[in-house]
Amino acid sequence: MNETLLIELMIELLKQANAATLLLQKAKTEQRDVTDDELDQVVGAADAARQRLVDRINRMP
Amino acid sequence: MRKVCGLAAIVVALGFASACSMLDQLKPKSFNERLVLAYTTLNYVWTSAEVLLKSGKITKVDAQNLLEQTDKIRIDLDLAREFNRLKRPEAEDKLSQAITTLEAVKDYLDKRGKAPEDAPILSPHLERPTPEEKAK
């Protein structure tokens with residue numbers, strides 16, 4: 001169970017790093033800056049990670 | 001099953017390192033690109049902290065201290081973004097300051113992930129409470 005959870009979390013890290021990479025690559029390819037909407041997506045993903053940490057802390061004895 | 005999980009964890013970790021390397025290679029230059037990298041690093045820090053907490057590499061108190069520190073970084077990043085939107089000159093300093101602090105926290109977590117559980121905590125902001133403090 002623990003190992004499965006750890007792997008899920010690591011996959012989440014990988015997904016986020018890839019999403020940010022793709023976002024930056026797309027902006028560079030289109031020769032434009034990152035838009036506010038794209039930045040909001042990144043902020044939303046970070047907020048979700050924070051919430052998961054808070055939930056984990058609250059579940060700890 | 002354990003071996004399979006361990007192998008999968010190594011593969012995913014290598015994949016993440018590779019994705020991070022790709023992010024670095026893109027060399028974010030504009031303000032918004034640097035903000036993307038900063039918020040993604042913050043995401044990495046919070047997710048790593050969750051992993052380390054779950055695996056017992058950091059304690060609940062460590063995680064709470066880390067959350068407190070990173071919440072301040074988050075506020076600085078939000079302020080930097082807002083200052084930039086308003087074309088205020090403080091934006092650059094605010095972002096640089098937040099990134100520097102964020103890198104320190106990330107380094108701490110990376111070391112903590114590799115270190116044995118009784119290794120000393122490097123960041124003065126993340127010191128564990130002494131037994132006397134705990135008793136209070």
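Author: Welcome! A nonpolar core is a set of buried Ala, Val, Leu, Ile, Met, Phe, Trp, Tyr and Cys residues joined through side-chain atoms within 4.5 Å. Buried means under 20% relative accessible area, exposed over 50%, and partly exposed in between (1.4 Å probe, protein chains only). The model is predicted: local features need pLDDT of at least 70 and side-chain atom pairs count only at pLDDT 80 or more, while totals for chains, interfaces and linings use all residues. Residues are numbered from 1 along each chain as its sequence is written, chains are lettered from A and ligands numbered from 1 in the order in which they are written, and side-chain values use heavy atoms, leaving out hydrogens and water.

Reader: Which residues touch the most other members of the largest nonpolar core?

Author: They are Val36(B), Tyr39(B), Trp46(B), Leu66(B) and Leu77(B), in a core of 41 residues. At least two residues of this core come from each of H1 (2–29) and H2 (36–59) in chain A, and from each of H2 (31–54), H3 (60–85) and H4 (90–114) in chain B. H2(B) gives the most, with twelve residues.

Reader: What makes something a helix here?

Author: Helices (H or I, at least four residues) and strands (E, at least two) are DSSP runs, numbered from the N terminus. Chain A has two helices and zero strands.

Reader: Why is chain A called more spread out than a compact globule?

Author: The globule rule is 2.2 Å times the number of residues to the power 0.38, and the radius of gyration is taken over C-alpha atoms. For 61 residues the rule gives 10 Å, but chain A has 15 Å, well over that value, so chain A is more spread out than a compact globule. Its C-alpha trace spans about 50 × 20 × 10 Å along the principal axes.

Reader: What is Tyr39(B) in contact with, leaving aside its neighbours within four places in sequence?

Author: Contact means heavy atoms within 4.5 Å. In chain A, Tyr39(B) is in contact with Leu39(A), Val42(A), Val43(A) and Ala46(A). In chain B, the partners are Arg74(B), Leu77(B), Asp78(B) and Arg81(B).

Reader: How do you know whether Gln31(A) is buried or exposed?

Author: The relative accessible area of Gln31(A) is 76%, so Gln31(A) is exposed. This residue lies in the loop between H1 and H2 of chain A, and its phi is near 50°, a positive value in a residue other than glycine.

Reader: And what makes Lys87(B) exposed?

Author: Its relative accessible area is 73%, so Lys87(B) counts as exposed. Lys87(B) is found in the loop between H3 and H4 of chain B.
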